[in-house]
Amino acid sequence: MYEAFDDSGEEVASSMKSSEGRLLAFNQLLSSSVLVTTLVCKLPQIKVIVTSGSTLSISLKSVIVEFLANTIMLTYQFSKGYPPHTFFESNVTVLQDFALILLIVYNRGLMEFRSIPFYVLYTSFFIAMCADLFSEYVKLFLISSTTPMLLWSKVNQLITIWRHHTAGSVSALTWFIGTYNAAVRIFTTVLITRDNPMLLNLVSCEVMNVAVLLSIMYFKLKQGDQPLRRTRRP
């Protein structure tokens, strides 16, 4: 009888280990998919601007704030000496955001000499963060500010769409990829790290991602597939 109980216990333990292994494998698969989608996240938005020559309903302020928030996360992780693969996504996101900003600024005719000081200031900040010239208190404040910055960025983009009553040149595919990535990160956080502050951050951003995506789809369906006019207006 005891042998039967032992056999049953071993079977349950083996089954639990097998289930845990499958779950971890699924988690790894999802994480890998996020890495792939991050590589192309902003490319649909860039393609829309290049092919249409229009930036209608795209909030430049939102893109800049997102760019700054991602820069802070990238330089913070670099200054802390984290392994490069842990912030590879931030590298790609910063580069794509920068390309997007340049496209929007060029399209709207905002390439002016008076913007040079901002580029100099950004470069100086980037170098100072990477060189670990700021105190831990300053770095902690900066990294803590990224959550409200990213939320504000998404809220402002949502307001811009509804203010113009059109999705314009905003790419639904880019926002869908962002929504998918955040959903995967929520799942992996709950499964692996159970980091409540990070989970709150991800859920908050995901709510705004969904709101923006639904707004884009609503106006796209409402207005049909209308061609975008080339414009250099802000």
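Analyst: The discussion below concerns a predicted model and takes up its helices, its annotated spans and its aromatic rings.

User: What makes up the secondary structure of the chain?

Analyst: The chain contains 8 helices and 0 strands. Read from the N terminus, the order of elements is α-α-α-α-α-α-α-α.

User: How do you know that the span of helix 6 agrees with its number of residues?

Analyst: Helix 6 covers residues 136–164, which is 29 residues. The expected span is 1.5 Å times one less than the number of residues, so a value of 42 Å should result for helix 6. Its end C-alpha atoms are 42 Å apart, and the two values therefore agree.

User: Where does helix 6 bend, and what follows the helix?

Analyst: Helix 6 bends by about 30 degrees at T146. A proline, P148, comes within four residues after that position. The helix is followed by H165, which has a positive phi, near 55 degrees.

User: Which residues does UniProt annotate as "transmembrane region", and what does the model show there?

Analyst: The unreviewed UniProt entry places this feature at residues 118–134, 173–192 and 198–219. In the model, residues 118–134 are 76% helix and 0% strand, with end C-alpha atoms 20 Å apart. Residues 173–192 are 100% helix and 0% strand, and their end C-alpha atoms lie 28 Å apart.

User: Why is the pair of F125 and F134 called tilted?

Analyst: The structure holds 7 aromatic pairs. In the pair of F125 and F134, the ring centres are 5.9 Å apart and the planes meet at 40 degrees. Rings pair if their centres lie within 6.5 Å, and planes under 30 degrees apart count as stacked, over 60 as edge-to-face. The angle of 40 degrees falls between these limits, so the pair is tilted.

User: Which residues form a cluster through ring pairs?

Analyst: Ring pairs join F67, F98, Y122 and F126 into a cluster.

User: What can be said of the chain as a whole?

Analyst: Of its 234 residues, 40% count as buried. The accessible surface comes to about 14,100 Å², and 70% of that area belongs to carbon and sulfur atoms. Among contacts between residues at least 6 apart in sequence, 85% join residues at least 24 apart.

Conventions:
Residues numbered from 1 in each chain as written. Predicted model: local features only at pLDDT ≥ 70, side-chain atom pairs only at ≥ 80, totals over all residues. Heavy atoms only, no water. Helix = DSSP H or I, 4+ residues; strand = E, 2+ residues; numbered from the N terminus. Bend = angle between axes of the 7 residues up to and from the residue. UniProt positions renumbered as here; feature names shortened; annotations may be inferred. Buried < 20%, exposed > 50% of the residue type's maximum accessible area, 1.4 Å probe, protein only. Contact = heavy atoms within 4.5 Å. Areas by Shrake-Rupley, 256 points an atom, 1.4 Å probe, with all protein chains shown as cover. Phe/Tyr/Trp six-rings, centres within 6.5 Å; stacked < 30°, edge-to-face > 60°.
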